[in-house]
Amino acid sequence: MMKGLKKWRLLSLLAVLTVFLAGCGQQELSTLLPAGQVGKDQFKLLMLASGIMLLVIIVVVVIYVLALIRFGRKKRGEDFIPEQTEGSQKLELIWTIIPIILITILAVPTVYYTYKLGDVKAMEEVDDDGNAKHLVVDVTAKLYWWEFGYPDLGIVTAQELVVPTDEKVYFNLKAADVKHSFWIPAVGGKLDTNVENLNKFYLTFDQESKDLKDGVFYGKCAELCGPSHSLMDFKVKTLPRDDFNTWVKNMKATADKTEVANADGEEVFKSSCIGCHANSGVGDSGAQGPNLAAFGDRNRVAGFIEHDKEHLKEWIKNPQKLKPGNKMPSFEDQLSDQEIDDLAEYLLGLSVEQ
């Protein structure tokens, strides 16, 4: 009976570990598979710290086991007293110097990378014509979605960050309500978004996202910010510079776009949604709701639901049921089924990639 229970405990533990470690192999999400120089540098620090920790654990366990074997009471008897080493200068020097060496080995590269990865002076550089040399993205975290403004390009989007590969992308991070934390696990470490101050950092994206499982990198909020914290996801599309320029051009063209997938749905949008949402990618950040200019190109509805018509209609009808605490009201009693159907078709037709 007891042997059976022990086997089940072992199997349960292995099952939990399998589920936990399954995320380590997803390239679009895993910190252990870095896809940018920042992530690679941080991965080196992670491995160094883990190696030192493992070394300490192994040494302590070996000493503990040797002590048990050599000085156990069964072997030496109840009255045996081992040699007392209290006051030994030699031993005190050993266990003082060794930790100092280990901390120094860890501290030197940590300080180096802290200054290297925190250097954002280049985000202010401009060329001879006064144009910004580097791409800067204003990230605003809100309950429970993300806004991405491109101040030097005059466009704004939400929920999906689009960036060029093989160059530094600088970020201004802030929060509109409570503290959040901006994190793209496969590309670099997290940094808080605060209401009271602006945080800045940069990331590099060395890999195109189109070859990943869902065609995007996954982004997360890493700060417990409310009941839908775990659903505050965003996605990242990485493109070669030429394709990124084309995307910017298409985003600017959304201001004059006249053809729509469903004209009746556009009328519903103008009468019920435009107070909070924009359908043009041209402008500044600061809207009440996510910019929907490229909604049809997104990977998910609301950051986490399947991106299709049925799930979108379900979201419009009752967003509080799916993502509690968000600011969007329910339209189940305000719009007819036909109006919601038309609106969903219109929104899914808002695309800059098709």
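**Reading a predicted model: terms and values**

The protein has 9 helices and 12 strands. The model is a predicted one.

Reader: What makes Asp 166 count as exposed?

Author: Its relative accessibility is 62%. Exposed means over 50%, so Asp 166, at 62%, counts as exposed. Asp 166 sits in the loop between strand 4 (160-164) and strand 5 (168-175).

Reader: What is noted about phi of Asp 166?

Author: Phi is positive, about 60 degrees, although Asp 166 is not a glycine.

Reader: How do you know the span expected of helix 4?

Author: Helix 4 (residues 89-117) has 29 residues. The expected span is 1.5 Å times one less than the number of residues, which gives 42 Å for helix 4. From its first C-alpha to its last, helix 4 reaches 42 Å, close to that expectation.

Reader: Which residues of helix 4 are buried, and what covers them?

Author: The buried residues are Leu 102, Tyr 113 and Leu 117; each therefore has under 20% relative accessible area. Their cover includes helix 2 (37-71) and strand 8 (199-204). Cover of this kind rests on contact, which means heavy atoms within 4.5 Å.

Reader: What radius of gyration does the protein have, and what would a compact globule have?

Author: The protein has 27 Å, whereas a compact globule of 354 residues would have a radius near 20 Å. The C-alpha atoms fill a box of roughly 95 × 65 × 40 Å along the principal axes.

Reader: How many of the residues count as buried in the protein as a whole?

Author: Of the 354 residues, 37% count as buried. The accessible surface comes to about 20500 Å², and 59% of that surface belongs to carbon and sulfur atoms.

Reader: What share of the contacts is between residues 24 or more positions apart?

Author: Among contacts with a separation of 6 or more, such residues account for 64%.

Reader: How many positive and negative side chains are there?

Author: There are 39 positive and 49 negative side chains, and the centres of the two sets lie 12 Å apart.

Reader: What joins Leu 143 and Tyr 144?

Author: A cis peptide bond joins them, with omega about -15 degrees. Tyr 144 is in the loop between strand 1 (135-142) and strand 2 (145-150).

Conventions:
Residues numbered from 1 in each chain as written. Predicted model: local features only at pLDDT ≥ 70, side-chain atom pairs only at ≥ 80, totals over all residues. Heavy atoms only, no water. Helix = DSSP H or I, 4+ residues; strand = E, 2+ residues; numbered from the N terminus. Buried < 20%, exposed > 50% of the residue type's maximum accessible area, 1.4 Å probe, protein only. Rg over C-alpha atoms; globule rule 2.2 N^0.38 Å. Areas by Shrake-Rupley, 256 points an atom, 1.4 Å probe, with all protein chains shown as cover. Lys, Arg positive; Asp, Glu negative; His and termini not counted. Charge placed at Lys NZ, Arg CZ, Asp CG, Glu CD.
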